[in-house]
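Work through the exercises below with the sequence and the model open side by side. Try each task before reading its solution.

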Amino acid sequence: MIDPRAIAEIIRQWSTFHPEFALLPRKFKIAVSGTKEDRAIIQAHDIGLEFYHDDQQKIAIRVWVGGGLGRTPILGSVVREHLEWQHVLTYCEAVIRVYNLHGRRDNAYKARIKILVKALGVEEFARQVEEEWQHLKDSPNTITKAELDRVAQHFTKMPYDTLPDHDAGFDSAVASNPAFAAWVRRNVHKHQQPGYRAVTLSLKTHGQAPGDASTEQMHTVADFADEYSFGELRVAHEQNLILADVKITDLYALWEKAKANGLATANIGLLTDIICCPGGDFCSLANAKSIPIAEAIQMQFDDMDYLYDIGDLELNISGCMNACGHHHVGHIGVLGVDKDGSEWYQVTLGGKQGNDANLGTVLGPSFAADEMPGVVQKLIDVYVRERTAEERFIDTVRRIGVAPFKTHVYGEKKKEVAHA
Amino acid sequence: MPKSSNLILNQAIVEDEWTLVSLPAGEEVVKKQAGKVVLFKLTGEASTTPEQIANTEIPASGKILVPLSVWVARQPELAARHAAGEVGVWLDTHELLETLAASVADINSLPLIAVHVERFADGRIFSIGNLLRTRYHYKNDLRAFGDVLRDQLFFLKRCGFNSYLIRGDRSAQDALASLGDFTQPYQGAVDNNQPVWRRVNRTAPH
Ligand code: SF4
């Protein structure tokens, strides 16, 4: 794991009012990740910077270009396998200059860099970038060690106490209280500092809009941050809140209070931890409502033991092809579509975020809203039937492919008129 | 009373010494996509016909700013005036700098290069300015004209432009003020290639 924040901050400064790139063909997003798991979905960004240690234990960057979701979902391609961190600004300048000059401006739908990379082919694109970069490499925008060190000093560690990594009180609470133990298993995460853990506060209470928190809950959460986590609170793109630095000795008290405030559903990473866009209830671009679908699926799978048995599963819902709910990279993705003025839902299977990202495959014709919980149930049935021991949903899908799921879901629908 | 000049050169509003030579209107092929007229030409797209080039009227005397395509095709008749320092060249943002570079032995024999930006949102002009200064080492006046408004000026300046013909319906006086929009930019660019960390000693926090 590498802490890329100092370089990210230097990139942020460099990109602020960058004169040459003030009017690009379209929006442009850079994602930075320093972990093996990649929580930034770097392959779905215009530029994705993946930090890693090379074989000399030096910090290097793998550069991905041309990813994006939306109406034309494409995962990024590696244009450079190994870039020394000093060169990240000049290399990005080369990438963006090629895009600025050659990206399409005649059609907003085709103006993103992903379309240019596809049109040229990644090899030709990378060649042009490399050629451009030869002129920019080692220019004054090359980052110095002194500047990196200076900026890095702003990212100080929290004033941690020196603590043992075990606490007898905590261990016995886990042993004696299964509900607490389940919460620890799903919502509490490892920490690099002994005696501390990171905690995800679930905003995925079953039957409630994913990611919603009331005023009272927000006040409570702010108090949690002050009391337990150095006054800091983080928001995850999975629509939950994270207290990053909680002492092990505080976990039980925090859990009790979180539970009393509806913030301790022990479902992080499970089927009901749904990413869901605002959809037709709130968004004027929507083709269909998404929140009621999420709620209906959560109610269908309201049995926690069953959820634990199903295990890790990401279900993402978007109300239109703008893909704010990242449905393409959900293990199960749901997309709201409009057909002759009524709302339908297209299901994709096998998407994944992370370093081994994948775009989902469309299962088949779309479904009506009231069919959706049943459809998800059938997908789960196939998984439970087919899985090998310890195999996650996504791995089963990757191993056996989409076909068995399709057969089971559409089997009984065959006689009905296909919707799509 | 003649309208006052809208041309900024360096930090001042000046009279334009150059006569802009335009191509005669050609048969513009109207391209449509999803019902909308296509507004941008792609980089490298050919856009002038031999007839347009041949029919371009070049004033008999004075300093002239000619279209790149005319410059390339009609160089013999411009040679003497070029030698006298009376020929500048302008190009559109979709035209290739390579064409310009190949057309003249010494790019610095042109006292003026101008880049025409058809629409405000066309940011290619910034890269073109940058490349002219850093790649082609052009040292003389570099002018932006067309849909040039005050919001581009600071960026144009940073990309190597030193002359701006502000769109006719806007005030050059107002635009002039924007050249000082920011005192200290973060990143190195053409006007000052040093990023902030090589210019200023920003001490660490305590
Ligand atoms: S995916 Fe579509 S419906 Fe959902 S928030 Fe985005 S634009 Fe709105």
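Predicted model: local features only at pLDDT ≥ 70, side-chain atom pairs only at ≥ 80, totals over all residues.

Residues are numbered from 1 along each chain as its sequence is written, chains are lettered from A and ligands numbered from 1 in written order, and side-chain values use heavy atoms, without hydrogens and water.

**Exercise 1. Classify the pair formed by the rings of Phe180(A) and Trp255(A).**

Step 1: recall the rule. Rings of Phe, Tyr and Trp (its six-membered ring) pair if their centres lie within 6.5 Å; planes under 30 degrees apart are stacked, over 60 edge-to-face, the rest tilted. The search of the whole structure finds 20 such pairs over all chains.

Step 2: apply it. The centres of Phe180(A) and Trp255(A) are 5.2 Å apart and the planes meet at 55°, so the pair is tilted.

Step 3: Phe180(A) lies in helix 7 (residues 178-187) of chain A and Trp255(A) in helix 9 (residues 251-260) of chain A, so the pair ties together parts 75 residues apart in sequence. Helices here are DSSP runs (H or I, at least four residues) and strands are runs of E (at least two), numbered from the N terminus.

Step 4: check burial. Buried means under 20% relative accessible area, exposed over 50%, partly exposed in between (1.4 Å probe, protein chains only). Phe180(A) is buried at 0%, and Trp255(A) is buried at 4%.

**Exercise 2. Classify the pair of Phe154(B) and Phe155(B), and find their cluster.**

Step 1: the centres lie 6.3 Å apart with 70° between the planes, an edge-to-face pair. Both Phe154(B) and Phe155(B) are buried.

Step 2: Phe17(A), Phe126(B), Phe154(B), Phe155(B) and Phe182(B) form one aromatic cluster.

**Exercise 3. Which charged residue lies over the face of Trp255(A)?**

Step 1: the test is NZ of Lys or CZ of Arg within 6 Å of the ring centre and within 35 degrees of the ring normal.

Step 2: Lys259(A) lies over Trp255(A), at 4.7 Å from the ring centre. Arg185(A) lies over the face of Tyr308(A), at 6.0 Å.

**Exercise 4. Trace the sheet with the order 5-6-8-7 in chain A.**

Step 1: four strands form this open, antiparallel sheet. Two strands pair if DSSP finds at least two bridges between them.

Step 2: find the edges. Strand 5 (188-189) and strand 7 (234-235) of chain A each have a single partner, so one side of each is left without a neighbour in the sheet.

Step 3: look inside. Five bridges join strand 6 (residues 196-201) to strand 8 (residues 241-247) of chain A. Tyr196(A) has Lys247(A), in strand 8 of chain A, as its bridge partner.

**Exercise 5. Describe the make-up of chain B.**

Step 1: chain B has eight helices and 10 strands.

Step 2: its C-alpha trace spans about 70 × 50 × 45 Å along the principal axes.

Step 3: of the 206 residues in chain B, 44% are buried.
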